[in-house]
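Visitor: Could you walk me through this one? I'd like the cut-offs along the way.

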2 protein chains.
Amino acid sequence: MWKPDRHSRQPLYEQIADHIEQRIAYGEFPPGSLLPSERKMAAQLGVNRSTVIMAFDELRATGLIESKTGSGTRVSTSKWEVAPKHTPNWKSYSEGGHFLPNLPFMRKIREALAQNPSLIDFASGELAADLAPIDEIAALMSEHRYTSYLGYDNPQGYVPLRQALVGYLEKHRGIRATEASILITSGSQQSLYLITQCLLSPGDAVAIEDPSYCYSLPMFQSAGLRLFRLPVDRHGVRPEDVRALYKKHRIKMVFANPNFQNPTGSVLAAERRKQLLEVASELALPIVEDDPFSLTAYDGMPPAPLKSMDEVGSVLHIGSFSKIAASGLRIGWMVAPRAIAERLADARQQMDFGLSVIPQQMAAQFLSSSYFDPHLERLRMQLVFKRDLLVEALNKELPGLIRFAVPDGGLHLWCKLVPEVHDGKLLEEGIRRGVVFVPGSVYGSDSGFVRFTFARARTEDIAEGIAKFAEALKDTLGGA
Amino acid sequence: MWKPDRHSRQPLYEQIADHIEQRIAYGEFPPGSLLPSERKMAAQLGVNRSTVIMAFDELRATGLIESKTGSGTRVSTSKWEVAPKHTPNWKSYSEGGHFLPNLPFMRKIREALAQNPSLIDFASGELAADLAPIDEIAALMSEHRYTSYLGYDNPQGYVPLRQALVGYLEKHRGIRATEASILITSGSQQSLYLITQCLLSPGDAVAIEDPSYCYSLPMFQSAGLRLFRLPVDRHGVRPEDVRALYKKHRIKMVFANPNFQNPTGSVLAAERRKQLLEVASELALPIVEDDPFSLTAYDGMPPAPLKSMDEVGSVLHIGSFSKIAASGLRIGWMVAPRAIAERLADARQQMDFGLSVIPQQMAAQFLSSSYFDPHLERLRMQLVFKRDLLVEALNKELPGLIRFAVPDGGLHLWCKLVPEVHDGKLLEEGIRRGVVFVPGSVYGSDSGFVRFTFARARTEDIAEGIAKFAEALKDTLGGA
């Protein structure tokens with residue numbers, strides 16, 4: 001990102017005006033488009049707002065931009081349009097299309113993190129840099145000189161990775177699969193996207209857990225699906241609720257995250273698993289089992305997946321490396337009947353022509369290497385350590401103000417705030433104090449919950465982050 | 001892929017029956033699903049059809065599968081369903097969803113290549129293994145030990161790659177862009193997919209070239225767009241046709257591939273470029289410029305892109321490494337107004353959570369390295385060599401039977417067959433003789449055209465491949 005040169009003889013505001021003029025001339029901001037606000041631009045460039053105001057004044061004086069009270073500053077059209085030339089109305093194009101943007105809270109968090117990388121991050125649902133097997137992957141990369149063909153890959157994914165996953169699924173998840181029934185995806189997100197786009201139609205009813213990660217994904221709404229809720233308690237969803245939703249709404253699919261559920265951390269009780277599978281087979285109802293967290297089980301005993309008990313073929317099983325190795329590999333998978341795997345592979349070819357073979361090779365090598373099991377063990381130990389730091393900090397900073405169950409696996413802790421508090425104000429206040437987290441309403445719950453991801457923040461920042469959160473909470477309450 | 005063991009004491013048909021039983025038990029073929037035909041399975045396993053028939057007989061005898069004349073062989077439901085258990089009707093799920101499957105010809109070609117990798121491939125629109133910079137990438141991988149954070153990447157793509165592309169676009173394409181106006185995609189395919197999904201709505205009219213690669217992509221139909229044709233002659237599309245389509249159908253966007261157009265190889269004439277941009281600005285109409293082939297210009301003088309002459313910001317410019325470096329990197333980009341780049345990045349996060357950072361780093365290193373320019377030079381020389389081999393073979397084998405213009409860039413040669421011939425029969429006959437190519441109707445043209453990709457086949461196979469094609473053509477004509 002460009003920054004003005006503080007040692008230059010040219011005044012800062014002039015440098016900024018020149019820079020904006022260049023960005024306009026280069027097409028980043030076409031005629032008629034809205035510029036970032038003075039406040040936002042000042043934050044990005046690390047200067048005072050008054051400096052940006054001077055730069056804008058300069059540009060306005062030359063007629064390059066124009067401002068209207070209440071509607072921001074735009075690139076002027078008169079200056080740039082010789083005679084009757086017209087720029088497409090990009091604003092209307094970007095607001096057209098049926099594909100919905102991400103939730104405002106999620107965009108706010110992403111923007112805050114982009115503007116200030118020193119925020120303590122309890123929001124991003126991923127591992128910290130030092131939990132990912134970077135050294136192991138670097139070692140594998142230097143052991144295996146790259147020699148493969150770099151063409152388009154098999155539409156279902158790189159065959160040696162699918163073969164390695166057959167072994168992985170049997171050893172670690174008790175699932176017997178064939179390579180032809182595995183589709184490699186760029187992560188659970190793509191698996192869910194393909195299912196909602198290709199196996200369901202607008203108007204179809206589906207059941208999702210409440211609260212659940214699925215609520216944070218506008219893709220369900222973009223696909224025109226009708227969503228019905230399966231409340232999650234400490235032991236997961238209740239199978240009889242599935243039957244009730246089927247009777248009432250003819251749901252066509254159930255989306256579940258049975259192990260260390262995101263965000264609640266709950267594990268579906270053994271008896272309920274059996275019943276859920278019985279209901280599914282009684283109703284011939286597919287279950288999409290999202291299973292990214294199981295191998296983080298802190299006691300080293302991952303709960304069995306539904307798929308391992310699935311006798312009639314009701315379950316589409318989704319897995320990923322993102323939460324147990326590195327999200328930056330962008331490698332996930334789906335175990336499905338062959339006809340489904342082929343159908344989704346065909347659709348994915350049209351969307352992105354498949355994944356790069358390079359991270360797939362790395363994932364296959366890593367899975368088959370002697371590094372994998374020790375990595376998992378180290379990961380579990382460090383996650384417990386971080387969870388304990390978080391629990392300790394919460395108990396110290398917020399006694400009586402919060403309630404939570406201590407999770408036995410996963411990356412998240414789900415917290416009920418005892419006092420009533422405004423989600424948005426609390427997030428705003430948190431960002432101001434240097435900490436981000438995800439308001440529970442993002443996951444479809446009522447206001448007053450928070451998801452803390454303890455895996456992402458640096459160990460040494462956890463206590464400080466919760467201290468900042470406590471201040472933000474108290475301020476929000478005080479100001480309310 | 002599993003194959004029976006010919007040295008085993010167990011008869012082949014028994015091994016095959018056991019293997020199919022295992023695949024059924026593992027969920028690859030759930031109860032009620034269709035098994036591959038005896039003929040197809042025999043080809044996959046490399047055995048006689050009679051062996052597969054014996055294996056199926058064995059499985060039928062145990063009640064595991066059942067056959068009905070004319071509707072193939074299915075996994076039986078009675079055997080697998082204890083009491084009133086039901087498998088979801090996966091067939092109806094896989095045929096549901098509004099997302100259309102790939103064109104039958106494209107699936108047929110893919111299937112033929114998967115079953116018989118020794119086919120001479122004039123169909124896959126990509127570079128041969130020895131044209132990709134594999135040694136260069138291997139060298140860069142061993143020079144730069146991997147140390148980066150492997151977390152989720154910036155939604156618009158890896159910043160150093162976008163910075164490298166700013167330099168690339170200026171130097172090689174005469175386009176001045178800022179990193180904030182670049183979106184990294186997994187290739188042109190994803191760029192097109194994002195545009196059709198997010199900037200257009202069902203029912204919108206758009207103009208695409210005829211013939212064009214766009215016709216081979218059911219994604220336009222899946223998005224509910226109404227397609228109108230811009231005929232391509234030797235000098236590309238005619239700008240007045242755009243105006244006429246706008247008047248008649250209020251087209252909302254134009255998709256064009258001005259340089260070495262796929263499949264015709266034509267280059268949009270200089271005068272028409274100017275007019276096209278004038279029409280676009282007069283009508284405030286966006287042009288999507290797909291520009292993957294320019295740097296293959298055999299004389300080393302790539303035609304300028306529309307974007308470099310775009311004064312009012314009408315053009316979304318799409319580029320890719322697939323045709324000039326390696327499709328297996330899965331790296332493309334789009335240059336767009338910032339608001340559009342951000343909108344598409346947000347949507348892409350929901351679809352796949354972005355690209356792996358690893359191939360992006362490799363691409364950035366490769367672009368910035370001293371390997372890039374010599375690679376391009378070598379690529380151009382080898383493409384000319386291959387093109388000349390193809391032209392020579394066509395002139396030798398099919399004098400008077402075909403007509404074509406010799407392309408000055410790109411990977412393809414577009415051929416008119418003089419005699420009338422049935423597209424599907426010709427392809428079938430070609431596959432039988434060991435050669436694949438793409439029937440022109442895939443690109444929306446009338447029957448009687450063929451696209452030969454000369455970049456993909458091995459140099460030593462080109463003459464033989466065309467000899468096989470000539471036999472296939474003569475046989476098809478003889479039999480017609």
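Visitor: How much of chain A is buried?
Guide: Buried residues make up 53% of the 480 residues in chain A, where buried takes 20 or more other C-beta atoms within 10 Å of a residue's own, exposed takes 12 or fewer, partly exposed lies in between, and C-beta atoms are placed from the backbone. This is a predicted model, in which local features need pLDDT of at least 70 and side-chain atom pairs count only at pLDDT 80 or more, while totals for chains, interfaces and linings use all residues. Residues are numbered from 1 along each chain as its sequence is written, and chains are lettered from A and ligands numbered from 1 in the order in which they are written.

Visitor: What domains does chain A have?
Guide: The assignment gives domain 1 (12-95), domain 2 (104-131 + 375-479) and domain 3 (144-370), with bounds that come from an automatic or database domain assignment. The centres of domain 2 and domain 3 of chain A, taken over C-alpha atoms, are separated by 26 Å.

Visitor: How many residues are in contact between domain 2 and domain 3 of chain A?
Guide: In chain A, 24 residues of domain 2 are in contact with 25 residues of domain 3, contact being C-beta atoms, placed from the backbone, within 7 Å. On the domain 2 side, α15(A) supplies the largest share, 5 residues; helices (H or I, at least four residues) and strands (E, at least two) are DSSP runs, numbered from the N terminus.

Visitor: Switching topic, how many residues do the two chains put into their contact?
Guide: Chain B puts in 92 residues and chain A 91. α13(B) gives the most to the side of chain B that touches chain A, with 10 residues.

Visitor: Is α13(B) mostly covered or exposed, and how far does α13(B) reach?
Guide: α13(B) is mostly covered, with 12 of its 15 residues buried, among them Arg338(B), Leu344(B) and Met351(B). The helix spans residues 338-352 and reaches 21 Å from its first C-alpha to its last, close to the 21 Å expected at 1.5 Å a residue, that is, 1.5 Å times one less than its number of residues.

Visitor: What follows α13(B)?
Guide: Phe353(B) follows α13(B), and its phi is positive, near 60 degrees.
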